[in-house]
Amino acid sequence: CTGTGYSGGSGQPCGGKYKTCNCATNYTWNGNSCALSCSSSYKYTCTGTGYAGGAGTACGGKYTQCACASGYEWKNGSCQKQILNGAQGDLYYCDGKVVGVKTSGMNFYVAMQDLDNTFWAEANRLCQNYTFCNNAKGTLPSANQLITVSDNKTTINNLLLSNGGTEITEDWYWSSTRENYTNHTYYIVNMSLRNDRDYANYYSYYYVRPVLTSW
């Protein structure tokens with residue numbers, strides 16, 4: 001009653017031997033020896049792409065669950081490629097696809113492409129109806145947000161292009177910031193010039209790109 005799978009003898013010994021043996025966890029007495037007896041839940045070898053090893057104790061070299069490598073998650077009995085959703089640093093994901101970008105210090109994400117070149121009311125409607133992901137809805141950016149985009153345009157454009165988006169257009173963009181209630185004028189910001197803003201009547205045509213301000 002010694003060796004792997006044994007936890008001692010059962011009953012009184014005779015000459016240092018026993019009629020039967022006590023078996024360790026995951027071993028059972030088969031009438032002659034302690035044989036490995038793993039439950040059916042021990043079925044994963046936990047090797048291959050996406051695996052970081054077994055989770056918990058093993059039985060016969062197999063585990064009840066596996067630990068997954070970075071970028072993978074345990075799902076339906078295997079380590080599967082993790083599908084990202086929501087804010088992940090400077091990128092905002094929806095079902096694994098980047099749908100918004102920002103730079104360090106920015107508290108909003110910029111959409112991957114312009115929506116149109118249109119008048120203010122339509123620009124505002126398009127942004128409010130724009131969905132980044134699930135319930136994450138877009139808004140027409142404020143004048144200050146557009147100036148922030150202009151200040152960080154090079155970095156933002158690099159992120160946009162490297163993740164399947166289109167660059168910020170070198171032109172004027174509508175903001176949600178009202179300049180004059182009586183004349184229905186709103187601020188516009190020029191992306192080709194640093195910190196350059198003006199205002200225009202709401203029926204003028206300018207570019208529009210939504211931002212995500214809450215998630």
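## Contacts around Tyr-130

Two residues are in contact when heavy atoms of theirs lie within 4.5 Å of each other. The structure described here is a predicted model. Leaving out residues up to four places away in sequence, Tyr-130 touches Ala-111, Gln-113, Leu-115, Ala-136, Lys-137, Gly-138 and Pro-210. Tyr-130 itself sits in the loop that runs between helix H1 (120-128) and strand S14 (131-133).

Is Tyr-130 buried or exposed? Its relative accessible area is 16%, and the limit for a buried residue is under 20%, so Tyr-130 is buried. One of its contacts, Gln-113, is also joined to Tyr-130 through a polar contact of 3.2 Å between the two side chains. Another, Pro-210, is 80 residues away along the chain, yet the C-alpha atoms of Tyr-130 and Pro-210 are separated by 7.3 Å.

## Nonpolar cores

The largest nonpolar core has 19 residues. Within this core, the residues that touch the most other members are Val-101, Val-110, Val-149, Ile-156, Ile-168 and Met-191. At least two residues of the core come from each of strand S10 (91-94), strand S11 (97-101), helix H2 (143-151) and helix H3 (153-162).

When neighbours within four places in sequence are set aside, Val-110 is in contact with Val-99, Gly-100, Val-101, Phe-132, Val-149, Ile-156, Ile-168, Arg-209, Pro-210 and Val-211.

## Helix H3

The buried residues of H3 are Lys-153, Ile-156, Asn-157, Leu-159 and Leu-160. Viewed down the helix axis, the buried residues of H3 fall within an arc of 160°, and therefore they line one face of the helix. These buried residues pack against S10, S11, strand S12 (109-111) and H2.

On the face of H3 turned away from the buried side are the exposed residues Thr-154 and Ser-162. H3 is followed by Gly-164, which has a positive phi, near 85°.

## Disulfides

How many disulfides does the structure hold? There are six. If the bonded cysteines are numbered in sequence order, they pair as 1-2, 3-4, 5-7, 6-8, 9-10 and 11-12.

Cys-38 and Cys-59 form a disulfide in which the sulfur atoms are 1.8 Å apart. The link of Cys-38 and Cys-59 is left-handed, with -90° about the S-S bond. Because Cys-38 lies in the loop between strand S4 (34-36) and strand S5 (51-55), and Cys-59 in the loop between S5 and strand S6 (65-68), the pair ties together parts that are 21 residues apart in sequence. Cys-38 is partly exposed, with a relative accessible area of 30%, whereas Cys-59 counts as buried at 3% relative accessibility.

Cys-68 is joined to Cys-79 by a disulfide with an S to S distance of 2.1 Å. The link of Cys-68 and Cys-79 is left-handed, with -85° about the S-S bond. This pair links distant parts of the chain, eleven residues apart, with Cys-68 in strand S6 and Cys-79 in strand S8 (residues 78-81). Cys-68 is partly exposed, at a relative accessible area of 22%, while Cys-79, at 8% relative accessibility, counts as buried.

In the disulfide of Cys-94 and Cys-133, the sulfur atoms are 2.2 Å apart. The link of Cys-94 and Cys-133 is right-handed, with 70° about the S-S bond. Cys-94 lies in strand S10 and Cys-133 in strand S14, so the pair ties together parts that are 39 residues apart in sequence. Both Cys-94 and Cys-133 are buried.

Cys-14 takes part in no disulfide. The nearest cysteine sulfur to that of Cys-14 belongs to Cys-1 and is 13 Å away. With a relative accessible area of 66%, Cys-14 is exposed.

Cys-127 is in no disulfide either, and the nearest cysteine sulfur, that of Cys-94, is 18 Å away. At 0% relative accessibility, Cys-127 counts as buried.

Notes: Residues numbered from 1 in each chain as written. Heavy atoms only, no water. Core = buried A, V, L, I, M, F, W, Y, C linked by side-chain atoms within 4.5 Å. Buried < 20%, exposed > 50% of the residue type's maximum accessible area, 1.4 Å probe, protein only. Helix = DSSP H or I, 4+ residues; strand = E, 2+ residues; numbered from the N terminus. Polar contact = N/O pair within 3.5 Å; in protein donor to acceptor, adjacent residues only side chain to side chain. Arc of directions from axis to C-beta. Disulfide = S-S within 2.5 Å.
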